[in-house]
Amino acid sequence: MPTTSLSLSVTPLLAGILGLADDALILGHRLSEWCGHAPMLEEDIALANIALDCVGQARSFYAYAAEVAGEGLAEDDFAYRREAGQYRNCLLVEQPNGDFAGTIVRQVLFSAFIDPYYRALTASRDTTLAAIAAKAEKETAYHLRHSGEWLIRLGDGTEESHQRARTALDELWSYTGEMFEVDAAEAALIEAGTLPDPRSLRAEFDATIDHILREATLARPAGGWMQSGGRAGRHSEHLGFILADLQYLQRAHPGATW
Amino acid sequence: MPEQKIPLWEVFIRSRNGLAHKHVGSLHAADAAMALQAARDVYTRRGEGLSLWVVPSAAIVASDPADKDVLFEPTASKIYRHPTFYEVPDEVGHM
């Protein structure tokens, strides 16, 4: 495998697949950073489990991307040979872990979106995407349950845990809008029945979040201005550092295996 | 939260239909719902089970190891309690 970055002609379908793949890979990588550092052994294993679910989902999507792109590419080429500007993940998943409350809030916000999204994707006219979604949805349903139960306990726990959960929620809320954005290329895929329309999932997302926040005695932040740009390759500075970690080995020793 | 304030739970897994739940270990969790999730995450990562029980360790009443002789030794001489004095006809097969 060469060290050079891929130069891809990204069709709308490939862009859609890579958005899903990149969300899963980058969130999985972030969660894997907790391995050996979580507040208790039980949660260390739980977060590593979720990370592995995410990386597994990313692999399925990248394998399909490789099939769609042709040119003899494989799943690893997409993970290891694209630069930050070629990544299409939403900004939420690349945000740093912060404290435990920050990680849990990020997980709740993403899971409350991606779980109904995958459920809708199971009805895709694209049978490969539908099959990947059917497997992934069982995993994301658990991620939502696990992180939701934690957020309820942090919000409704001690003064300090409530404050930390509230701070994280206020900081991360502005990254939620991007998950529901649709560009022209995605609109065509939605029209064709390949991808679900994320805007149609907004009511379910809001209901899920409101239910959890009510139990957690946390207030939902006001709408306000929303961050945007990840889907178009305009990322926060954090993604470059993630990719430096993630890609170092393959960039330095192309094709290395063990 | 200091670890000593997080209750201990015992975990039981039923691996297949028709079998009993078996004790597999313990874990710390703040409450029953979190204990069940932790049990799933810690003890069923390799397809070990179809059903989980978690029980507060404090709810288990245990025999005193010092009573071992009184409780268990008398059975050692009562070999007639083992069903080993029957001829099982071959036709019965596995039982």
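Tutor: Let's start with Ile17(A), which is buried because 31 other C-beta atoms sit within 10 Å. The cut-offs behind that word: a residue is buried if 20 or more other C-beta atoms lie within 10 Å of its own, exposed if 12 or fewer, and partly exposed in between, with C-beta atoms placed from the backbone. Keep in mind that this is a predicted model, where local features need pLDDT of at least 70 and side-chain atom pairs count only at pLDDT 80 or more, while totals for chains, interfaces and linings use all residues. As for labels, residues are numbered from 1 along each chain as its sequence is written, and chains are lettered from A and ligands numbered from 1 in the order in which they are written.

Ile17(A) belongs to helix 1 of chain A, residues 12-32. (Helices are DSSP runs of H or I with at least four residues, strands are runs of E with at least two, and both are numbered from the N terminus.) Setting aside residues up to four places away in sequence, Ile17(A) touches Phe61(A), Tyr64(A), Ala65(A) and Val68(A). Contact here means that the C-beta atoms of two residues, placed from the backbone, lie within 7 Å. Val68(A) is 51 residues from Ile17(A) along the chain, and their C-alpha atoms are separated by 9.3 Å. Look at Ala65(A) from its own side: leaving out neighbours within four places in sequence, Ala65(A) is in contact with Leu14(A), Ile17(A), Leu18(A), Ala21(A) and Phe78(A).

Helix 1 of chain A itself is mostly covered, with 17 of its 21 residues buried. From first C-alpha to last, helix 1 reaches 30 Å, close to the 30 Å expected at 1.5 Å a residue; the expected span is 1.5 Å times one less than the number of residues.

Now zoom out to the core. The largest nonpolar core has 81 residues, and Ala21(A), Phe61(A) and Ala65(A) are among those with the most contacts inside it. Helix 5 of chain A, residues 100-121, gives the most to this core, with 13 residues. A nonpolar core, by the way, is a set of buried Ala, Val, Leu, Ile, Met, Phe, Trp, Tyr and Cys residues joined through C-beta atoms within 7 Å.

Helix 1 turns up again at the other end of the chain: the buried residues of helix 10 of chain A pack against helix 1 and helix 4 (91-94) of chain A. Those buried residues are Leu239(A), Ile242(A) and Leu243(A). Helix 10 of chain A bends by about 50° at Leu246(A), where the bend is the angle between axes fitted to the seven residues ending there and the seven starting there.

Glu71(A) is found between helix 2 and helix 3 (75-80) of chain A, and counts as exposed because it has 9 C-beta neighbours inside 10 Å. Phi of Glu71(A) is near 55°, a positive value in a residue other than glycine.

Chain B has 2 helices and 3 strands, running β-β-α-β-α from the N terminus on. The radius of gyration of chain B is 20 Å, well over the 12 Å that the globule rule gives for 95 residues, so chain B is more spread out than a compact globule. Of the 95 residues of chain B, 16% count as buried.

Where the chains meet, the contact takes 8 residues from chain A and 11 residues from chain B. Helix 2 (41-69) and helix 6 (127-155) of chain A each supply at least two residues of the side of chain A that touches chain B, and helix 2 gives the most, with 4 residues.

Technical notes. The radius of gyration is taken over C-alpha atoms; the globule rule is 2.2 Å times the number of residues to the power 0.38.
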